[in-house]
Amino acid sequence: MKLSLKEFVEAITDIDKNIGFSKFVKYIFIFCLVLAIFNYKTIIKDTIEIYSEISDKIHSEKMELRDQLLAELKPLLTEFRSNSRADRILYFEYHNSKENLVSIPFKYAELLQQDNGFAVPSIDPEQYKSINTGLITSIYEDIKFGEIVYCDDPRDSVFMEKYPGIYELVNSRDGSKRQIFISIPGINQPIGLIILEWINESNIELNIEEIKKTATYNYIPRINALILSKSPDRNKWL
């Protein structure tokens with residue numbers, strides 16, 4: 001039966017005259033409460049199912065964004081490596097998944113993508129899985145505000161003294177002879193790290209200052225913008 005607007009208004013008026021509208025609302029609330037008590041198992045089950053469906057959908061959307069990011073990032077990294085005349089480029093992202101006993105999270109760097117020049121071997125990602133940033137604190141502190149660090153020889157005593165552990169972490173794991181370390185800035189804190197590598201010990205002439213300039217004004221802003229555009233909170237940044 002279809003109730004007209006006039007009939008609806010008249011019904012509300014009658015209720016107000018007979019018992020008062022505030023009492024009517026209370027009765028409705030009590031009725032709903034009693035209904036909920038007798039059907040709490042069904043309500044809880046439905047709530048859990050709805051929450052699970054929403055969580056699955058959010059996770060699926062995030063995974064789709066991750067796939068899009070990696071697909072669009074790959075050609076950009078290849079272009080960056082090629083224009084820098086580097087043998088290899090490594091793309092790391094930071095993440096935290098554990099805390100210490102006073103609830104301070106650990107920060108890790110993990111290799112997500114790489115691009116290699118002709119005849120340059122790929123790296124086993126397991127070699128750069130969950131690297132605790134405590135191992136690269138010295139170089140991390142220097143690059144996180146935009147400084148770009150060039151290492152002509154990681155075994156150089158001056159470099160090893162300033163950046164202890166970098167030779168063991170990088171050179172000894174992937175065989176590179178020279179590296180450039182570049183931070184991906186993010187918004188409030190760095191998102192990740194890029195390492196350009198040269199494998200051969202030949203005296204290839206590199207214009208390091210030009211590479212730094214190109215990274216600063218061309219590639220890092222594009223990489224940073226791409227990453228932020230794929231964030232689930234991208235509307236917060238864009």
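Me: Hey, how many helices and strands are in the chain?
Reply: There are eight helices and six strands. Both are DSSP runs numbered from the N terminus: helices are H or I with at least four residues, strands are E with at least two. By the way, this is a predicted model, where local features need pLDDT of at least 70, side-chain atom pairs count only at pLDDT 80 or more, and totals for chains, interfaces and linings use all residues. Residues are numbered from 1 along each chain as its sequence is written, and side-chain values use heavy atoms, with hydrogens and water left out.

Me: Ok, and which pattern does the chain follow along the sequence?
Reply: Reading along, you get α-α-α-β-β-β-α-β-α-α-β-β-α-α.

Me: Switching to rings: how many aromatic pairs does the structure hold?
Reply: Four. Rings of Phe, Tyr and Trp (its six-membered ring) pair if their centres lie within 6.5 Å; planes under 30 degrees apart count as stacked, over 60 as edge-to-face and the rest as tilted.

Me: Where do F80 and Y219 lie?
Reply: F80 is in helix α3 (residues 40-84) and Y219 is in helix α7 (residues 208-229), so the pair ties together parts 139 residues apart in sequence.

Me: Are those two buried or exposed?
Reply: F80 and Y219 are both buried. Buried means under 20% relative accessible area, exposed over 50%, and partly exposed in between (1.4 Å probe, protein chains only).

Me: What about F159 and Y163?
Reply: F159 and Y163 make a tilted pair, 5.1 Å centre to centre with 55 degrees between the planes. F159 is buried at a relative accessible area of 9%, and Y163 is buried at 5%.

Me: New topic. Which residues touch the most other members in the largest nonpolar core?
Reply: F80, I180, I182, I194, L196 and I223, out of 26 residues in that core. A nonpolar core is a set of buried Ala, Val, Leu, Ile, Met, Phe, Trp, Tyr and Cys residues joined through side-chain atoms within 4.5 Å.

Me: Which element gives the most to this core?
Reply: That's α7, with nine residues.

Me: Back to F80, what is it in contact with?
Reply: Leaving aside neighbours within four places in sequence, F80 is in contact with I89, I182, I194, L196, A215, Y219, I220 and I223. Contact means heavy atoms within 4.5 Å.
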